[in-house]
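Have the viewer open and follow along.

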Amino acid sequence: MEKIDHKKMGLEIKLRRLRADISQSDLAKQIGVSQSHLCNVENGRLSPSLRLLLSLRKLLGCTIDELLIGADTESKGNG
């Protein structure tokens with residue numbers, strides 16, 4: 001089982017938010033957390049809850065796997 005890299009996950013969330021042209025403040029409001037909480041998730045200082053991941057998945061139009069390990073990981077295979 002692959003270990004979750006919180007910094008990589010946070011960067012993936014941030015990049016998807018920016019591509020969707022959503023401010024950090026607006027996304028935080030939409031998912032029901034403070035902007036500082038979302039900032040900490042995006043910077044890899046906090047791990048998001050499953051509820052938060054489900055909300056992010058829906059709003060950012062991706063899978064939880066894509067948030068956790070990045071969109072390009074599947075195409076690279078196991079090694």
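L15 counts as partly exposed because its relative accessibility is 34%, a value between the 20% and 50% limits for that class. In this predicted model, L15 sits in helix α1. Together with L11 and L18, L15 makes up a nonpolar patch on the surface. The accessible area of L11, L15 and L18 together is about 250 Å².

The largest nonpolar core contains 17 residues, and I13, I31, L56, L60 and L67 have the most contacts inside it. Five helices each supply at least two residues of this core: α1 (6–19), α2 (24–31), α3 (35–42), α4 (50–60) and α5 (64–69). The largest share comes from α4, with four residues.

Which residues is I31 in contact with, leaving aside its neighbours within four places in sequence? The partners are L38, R51, L52, S55, L56 and L59. One of them, L56, is also among the residues with the most contacts inside the core.

How many disulfides does a search of the whole structure find? The search finds zero. A disulfide is a covalent bond between the sulfur atoms of two cysteines. C39 is partly exposed, whereas C62 is buried.

Here are the accessibility values side by side:

| Residue | Relative accessibility | Class |
|---|---|---|
| L15 | 34% | partly exposed |
| C39 | 25% | partly exposed |
| C62 | 9% | buried |

Terms used
Residues are numbered from 1 along each chain as its sequence is written. This is a predicted model: local features need pLDDT of at least 70, side-chain atom pairs count only at pLDDT 80 or more; totals for chains, interfaces and linings use all residues. Side-chain values use heavy atoms; hydrogens and water are left out. A nonpolar core is a set of buried Ala, Val, Leu, Ile, Met, Phe, Trp, Tyr and Cys residues joined through side-chain atoms within 4.5 Å. Buried means under 20% relative accessible area, exposed over 50%, partly exposed in between (1.4 Å probe, protein chains only). Contact means heavy atoms within 4.5 Å. Patches are made of residues with over 30% relative accessible area and no salt bridge: like charges are joined within 9 Å, nonpolar side chains (Val, Leu, Ile, Met, Phe, Trp, Tyr) within 5 Å. Accessible areas come from the Shrake-Rupley method with a 1.4 Å probe; for residues, only the protein chains shown count as cover. A salt bridge is a side-chain nitrogen of Lys or Arg within 4 Å of a carboxyl oxygen of Asp or Glu. A disulfide is a pair of cysteine sulfur atoms within 2.5 Å.
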